[in-house]
Amino acid sequence: MLARHCRFLLVAGLMTVTPIGAGSIQAATPDSFDPWPGLVQDIFNNRQIDEGAGIVAIEMPYRAEDAAIVPVTLRITLSPADNRRVVAITLVIDQNPAPMAARFELGQDSSVSEISTRIRVNNYTDVHAVAELSDGKLYMTKTYVKASGGCSAPAAKNAEEAKARLGQIRFRQFAKATDGPQNGTREAQIMIGHPNNSGLQMDQLTRLYIPAFFINELRIWQDDTLVLAMQGGISISEDPNIRFAYVPNGAKRVRVEARDTEGHLFQGEWPVENSGI
Amino acid sequence: MQLWMTLQMITRPLILAGLLLSSGLSFAHAQQDALPTSEVAPGVFVHAGATELMTKENEGAIANVGFVIGSNAVAVIDTGGSAREGERLLAAIRERTDKPIRYVINTHAHPDHVFGNAAFDENGTRFVGHKNLPQALAVRGAFYIDAFRRIMGGDLIDKVRIVEPTLLVDGTLTLDLGQRNLILRAWPVAHSDSDLTVLDEQTGTLFGGDLVFLAHVPVVDGSIRGWLKVIDELAALPAQQVVPGHGPVSNWPAALLDERRYLEKLAADIRALVAQGKPIRSAADTAAFSERSRWKLFDDYNARNATAAFSEIEWE
């Protein structure tokens, strides 16, 4: 019953709410200090950030069931009539030890309209998505999530299985159910087997903190055209999983390159399927 | 068992009074407000945990904990979810016997099963666990203490100490309590990564730990696939009754039916979602929902089980 713990703990492992057996944990007390103004300075160099409704949306469960695996979806809602495009989206988890979770760079010609991943959440927190547009302006939207313990939650519930998948990359293609293939939008998913150690998890044997070790660079191309790139931090969950909607350009293959903080390079290449799931 | 328990309830106060008067057992322990236990088989005692989350009010006493008395010694199986529950369990043992407590067996690393360990940590008592238990406690112990202090308060948690096992089980191990053998078995990753079962051969009573849930929705903190993989082998253990980690003492192996059905349904629903290309967030509100009315605490754990199971099954 630990699972519940985690909830308040992050699932025991990562944060908060992880339940574990039968025990359970309630939520951590929200922190009243608002780190956002400082983050605007540190991450965005104090640039002006406007309200982003109608530009970018963020979706997360209000209460994270497993703080080590909190699904988050970023959706671009910029009107097609707007002649600007979204160049990048930065995902910030305000109360996490390293708040900048990821910066996604959107390929110029790939019409990425949605990005989903899974993050660790260490405390009750605001989560901000900041979109940078092609005219250089920044727009933000935010949501609030109740979770805790996600960053310090113990690594790998099943250490042997985790080791076996280190470095594996899986690629899946789906049709975009809501839009259908008519407008050409497809969904695809990259899964990378990697512990993505946060640096806040303790080694079982040595009792020392496991050094942070995570995927910090991911690039996805269709043939030689960039679809999406991610700079990732420790807040991305174990076995990083990126799902995205884009418009295929007729390329024959999708290529993925990922690097971790120790410089390992993971690569994969797959033929583009005409029909997804 | 019903008759046995009824007799037990009638006779226990008399026995207790007699013991206190005749054997000079410590009044301090008696005053410790002994945890109520019932004798589910001769020499096998169980405190039934509340089917709840750990709270200040229930003092963390949500898991089933127990002890077995042999002719020379006592073994404790799990110690409860707070320092206080451990102390009350010790008091309950001392109401029954003054034989030495030679073993404290932890069925896995979760706080509701190990937080009472400190009450038993003295010379002559060996702590026993799965070969992975030291690592699981090292990784999670401090995290659990910190988390539950916030929930339950310092009075119940400040005295909790993580006590590591010094006798480790890899495969099986037999403990001799004097004309009474306990057969311990370490399992591969299932409910957690350190699951251990304890079989009292003499009475056919199995302490299943959290490999066995009844009434309380099963909690997956290890591997749903691993759990389903061991369930047949678990069912083959030669027991007549089981003390589950949570839920009522029940006939064996029929006690596994509900849990198996839930786990199979959860895995099947998740496999279908993965096959349809559904995202992970879809699992939390749909997977295994047909099981919702059959379990207590379903809303507290199912979504988490589903999220964890999805991130496991999507790699198949």
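Which residue is the bridge partner of B:I183 in β10(B)? The points below take up this question and then other parts of the structure.

1. This is a predicted model, in which local features need pLDDT of at least 70 and side-chain atom pairs count only at pLDDT 80 or more, while totals for chains, interfaces and linings use all residues. Residues are numbered from 1 along each chain as its sequence is written, and chains are lettered from A and ligands numbered from 1 in the order in which they are written.

2. The bridge partner of B:I183 in β10(B) is B:L199. Strand β9 (residues 181-186) of chain B pairs with β10(B) in the antiparallel sense over 5 bridges, where strands are DSSP runs of E of at least two residues, helices are runs of H or I of at least four, and both are numbered from the N terminus; two strands pair if DSSP finds at least two bridges between them.

3. β10(B) also pairs in the antiparallel sense with strand β11 (residues 205-213) of chain B, over 3 bridges, and in that pairing B:L199 stands opposite B:L206. The two strands β10(B) and β11(B) form a hairpin with 4 residues between them, and B:G204 in the turn has a positive phi of about 65°.

4. Elsewhere in chain B, the axes of helix α8 (residues 257-275) and helix α10 (residues 298-313) come within 10 Å and cross at roughly 55°; axes are lines fitted to C-alpha atoms, for helices over the stretch in contact, and angles run from 0 to 180 degrees between N-to-C directions. The helices α8(B) and α10(B) are therefore oblique to each other, given that angles under 35 degrees count as roughly parallel, over 145 as roughly antiparallel, 65 to 115 as roughly perpendicular and the rest as oblique.

5. In chain A, 6 strands form an open sheet in the order β3-β4-β7-β14-β11-β10, with antiparallel pairing. The edge strands, each pairing on one side only, are β3 (56-59) and β10 (169-175) of chain A. Within this chain, β11(A) is joined by 6 bridges to strand β14 (residues 241-246), and A:E187 stands opposite A:A245 in β14(A).
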